[in-house]
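Visitor: Could you walk me through this model, one question at a time?
Guide: Gladly, let's take a look together.

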Amino acid sequence: MKGLIRKDMIMLWKYAKAILIIVAVFTLVSFTGNNDIFFVSYPGIITGMLPMTLLTYDEMERFCPWCDSLPVTRKQYVSAKYLVGLIIGGGTVGVILISQILRVIVSGGHWSDLWSLILFVCGMNILAPAVMLPFAFRFGTQKGRLVYYVVIGGSFAATSITAQNGGFSGSAEGGMTVFFFAAAVIYLLSWLLSVKFYQKREM
Amino acid sequence: MNALELKGLTKKYKGFALDGVDLVLPKGCIMGLIGENGAGKTTIIKLILGMIRKDGGSVSVLGQDIASVKEEIGVVLDQVGISGCLNVKQVGRIMGDIYRNWDQAEYERLTKKLRLPENKNFKEFSQGMKMKLGIAVAMSHRAKLLILDEATNGLDPVVRDEVVQMFSEFTRDEEHSVLISSHIVSDLEKICDYIAFLHGGKLLLCEEKDAMKEKYGILLCTAEELAGLPAGAVMGKKESAYGVEAMVKREAVPDRELLPVELEQLFIYMVKEAER
């Protein structure tokens, strides 16, 4: 599986550099004073889509059938995509966390709001691939693309609704904790479902 | 123990069925799978590799189930599935993480021998270069069995000859075997010990190449002479205004002079006969 993760990381570096720039720009904007929830959560949502992007490249480049001939099980292949999702998500949330800690220190703010915000970004980051990947592993990324657009739209709608309802005031902390753990459970179930779907797929 | 054993292998699709294929590839040998496009060559290879589920029959690779011997097989598919953004060096590093027996020195020797540029991305390679990299990967982890699906496609004649020789050298070790599918019969004629003819999902013939050439010959005769031959002697025929050219079993016409038969001729005759 180490080889698969190495491959995905190289692919991300080569194919998804623009997304890294977007993450940097949005993080910078969110840090420099514009306390808009959109700027904080967008990098988390967009990097959550990257495992799906990697899967699309693998299908396009005919890596999936070839991978079946390597000493790699289908479960390992699926797991690599979910692990890469967590690695990228972790990195993105780390960058957002640092920028927001600096913002609270420099511009002031509530630490509990920051905690709610980070839980929301984490939840959105894993919820998006958790919904998309089983469809992609079951029906292929072409058909899974429809779900991709629904998830992107849904993610931004959720962000907007959260912002309109007062954002991440201290009282939101409990709700956000529940949201994050629910997303984590869905991510785990999604992984199990994807493994099951992919093991049944014919190449 | 045989390198490969297929018994009654069956797979049904809408409009195509692989029909109870039996094949045995002994260790240390090269078997050529010959068939026109859509004959079922790739389906057989996919079934061997477990990419698709079989509807019937059994597959044994190096005496075991495919899942337990993937370290010991090298595979080149008709489309090499290496990611377009990777270069030769990166592919080597990734494969080193995937195969326990990865031999980096051998990989570097092969990529040099096949004149593959180290730092160019795979997507910038020509079709031939892509195939060559796939072959280098398949031969760099001390595999005992190579499974090659149209692996000589896209190669120019000089490189094709070089690659075909590499496969031939690979089987100098009696533990090493090769299954290669192609519709370029001349490539297979050079190196194969066994030949299997496939047509419309059915195995028409599977025999030792030399025995096959000794067993069949081309008879030039008239239509009347042909009609007088024993039943079952004629494997296929071509009739024209000048007479008949028939592929016959040598043992059935011991008193006639026969022309030697080429594999390609034999295949075409058998396919035409099967279509009658």
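Visitor: How many Å apart are the C-alpha centres of domain 1 and domain 2 of chain B?
Guide: Keep in mind that this is a predicted model. The domain assignment of chain B places domain 1 at 2–200 and domain 2 at 212–275. Between their C-alpha centres, the distance is 34 Å.

Visitor: Which element gives the largest share of the side of domain 1 of chain B that touches domain 2 of chain B?
Guide: Across this boundary, 6 residues of domain 1 of chain B are in contact with 7 residues of domain 2 of chain B. On the domain 1 side, α6 (185–191) and β8 (194–199) of chain B each supply at least two residues. That side divides into 4 nonpolar, 1 polar and 1 charged residue. The largest share, 3 residues, comes from β8(B).

Visitor: Turning to chain A, what is its radius of gyration?
Guide: Chain A has 9 helices and 0 strands. For its 203 residues the globule rule gives 17 Å, and the chain comes close to that, so it is as compact as a globular protein of that length. Its radius of gyration is 17 Å.

Visitor: And which residue follows α6(A)?
Guide: Helix α6 of chain A covers residues 74–107, 34 residues in total. From first C-alpha to last it reaches 49 Å, close to the 50 Å expected at 1.5 Å a residue. Next comes a residue whose phi is positive, near 90°, and that residue is A:Gly108.

Visitor: What percentage of the residues in chain A is buried?
Guide: Here a residue counts as buried if 20 or more other C-beta atoms lie within 10 Å of its own. Among the 203 residues in chain A, the buried share is 44%.

Terms used: Residues are numbered from 1 along each chain as its sequence is written. Chains are lettered from A and ligands numbered from 1 in the order in which they are written. This is a predicted model: local features need pLDDT of at least 70, side-chain atom pairs count only at pLDDT 80 or more; totals for chains, interfaces and linings use all residues. Helices (H or I, at least four residues) and strands (E, at least two) are DSSP runs, numbered from the N terminus. The expected span of a helix is 1.5 Å times one less than its number of residues. Domain bounds come from an automatic or database domain assignment. Two residues are in contact if their C-beta atoms, placed from the backbone, lie within 7 Å. Ala, Val, Leu, Ile, Met, Phe, Trp, Tyr, Cys and Pro count as nonpolar, Asp, Glu, Lys and Arg as charged, and the others, Gly among them, as polar. The radius of gyration is taken over C-alpha atoms; the globule rule is 2.2 Å times the number of residues to the power 0.38. A residue is buried if 20 or more other C-beta atoms lie within 10 Å of its own, exposed if 12 or fewer, and partly exposed in between; C-beta atoms are placed from the backbone.
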